[in-house]
Amino acid sequence: QDMAAFIAAMPKAEYHVHLEGTLEAEMKFALAERNGVKLPYADVAAMKRSYVFHDLPTFLKVYYEGMNVLLTERDFYDLCYAYLAKAHSQNVLYAEMFFDPQQHIDRGVPIAAVIGGITRARADAEAKLGIGSQLILCFMRDLTADNAMAALDAALPYKDKLVGVGLDSDEKDNPPTKFAAHFAKARAAGLKVTAHCDVNQKDTLEHLREALVDIAVDRIDHGGNILQSPELIGIAKTKDMAFTVCPSFSGKVVVDGQPVEVVRGMLDQGLKVSINSDDPAYMGSSYITEAMIEAQVRSRLTKAELVRISHNALDTAWLTPERKAGYL
Ligand code: ADE
Ligand code: ZN
């Protein structure tokens, strides 16, 4: 109880949250009504009962279907402002948020409405609540390389509204190097680079190696299987690589025959780990405070370790040292 209050009061930073994964069922119904979209559920409770996932693909199906209510600039404003207000209420000082433009472009929503609404919400949340934020464009790795490149080209005129690019969606048979040209182009435009290396996927260690060595990412999202490779741990530590771990999606990984909690294992290896919420609206409204409480219990984190994780998180920010210092 004391621990939960301690976690709730801690100043926080969040780096692994998909904006579309913060679309709560209540907002989905409100937007569906506003936009005249028919939903296949009678009410919020019925919709929430459909949020049952066995693996990444079954989650992603529900997650992408949920986006159909997001159509206008105002919708993206409302989505982003609601997340930032919720994060602020949990003492998040600063957030870097993902979005999936390909899914919106492919539904006919102009990229200007997507980035425009999110950017306006970020500015309002900073002015009214004091919460800082930046935006990361994710490539959907299970769509074609051409589809991702078209989205990048559509977004580059707005590159001053972005801080980086990432890689998400279904990892199976979609290695980071499939997007080598995209990452290179984004980097040339001054953007940072991160990639999901989801936990316990096919070829996870090879994907981690590609991300760390071939793409030379600036950060890794999830990445728990690195605990199975002393060689990759060494490379990550040399690079001072940050890992954005989400307890809601990271089960244990098996290291030398023993199941290990990802947060516990990374801390014990001296890796720079932060705790994040990922897709809170689909995980029983588990935002960052709930995610940290879950991680505390599962990994038996001490207060000193929680403080270290909090410092890691601020240090993970894609901000100038001066702006980082302002949050410490
Ligand atoms: N897109 C949204 N959430 C995701 C996750 N946890 N893994 C991969 N892609 C995602
Ligand atoms: Zn994610």
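**Notes on the salt bridges and the zinc site**

1. Let's start with a pair of charges: Asp75 and Arg34 form a salt bridge, with 2.7 Å between the closest N and O atoms. Asp75 is buried, at a relative accessible area of 0%, while Arg34 is partly exposed at 32%. Keep in mind that this is a predicted model.

2. Another bridge joins Lys185 to Asp153, again 2.7 Å from N to O. Lys185 belongs to helix H9 (residues 180-188) and Asp153 to helix H8 (residues 145-155), so the two tie together parts 32 residues apart in sequence. Both ends are partly exposed: Lys185 has 32% relative accessibility and Asp153 has 36%.

3. Asp203 and Lys202 also pair up, at 3.6 Å from N to O. Asp203 is partly exposed at 40%, and Lys202 is partly exposed at 41%. Shared partners join Lys172, Asp173, Lys202 and Asp203 into one network of salt bridges. The total count is 23 salt bridges.

4. Now the metal. His16, His18 and His196 (each through NE2) and Asp278 (through OD) coordinate the zinc ion (ligand 2) at 2.0 to 2.4 Å. Angles among the 4 donor atoms run from 85 to 178 degrees, and the site is irregular. Along the chain the donors are spaced H-x1-H-x177-H-x81-D.

5. His196 comes from strand S5 (192-197) and Asp278 from the loop between strand S10 (272-275) and helix H13 (288-299), so this pair ties together parts 82 residues apart in sequence. His196 and Asp278 are both buried.

Definitions and conventions
Residues numbered from 1 in each chain as written. Chains lettered and ligands numbered in written order. Predicted model: local features only at pLDDT ≥ 70, side-chain atom pairs only at ≥ 80, totals over all residues. Heavy atoms only, no water. Donors = N, O, S within 2.8 Å, 3.2 Å for Na, K, Ca; no water. Tetrahedral: all angles 85-135°; square planar, octahedral: opposite > 155°, others 65-115°. Helix = DSSP H or I, 4+ residues; strand = E, 2+ residues; numbered from the N terminus. Buried < 20%, exposed > 50% of the residue type's maximum accessible area, 1.4 Å probe, protein only. Salt bridge = Lys/Arg side-chain N within 4 Å of Asp/Glu carboxyl O.
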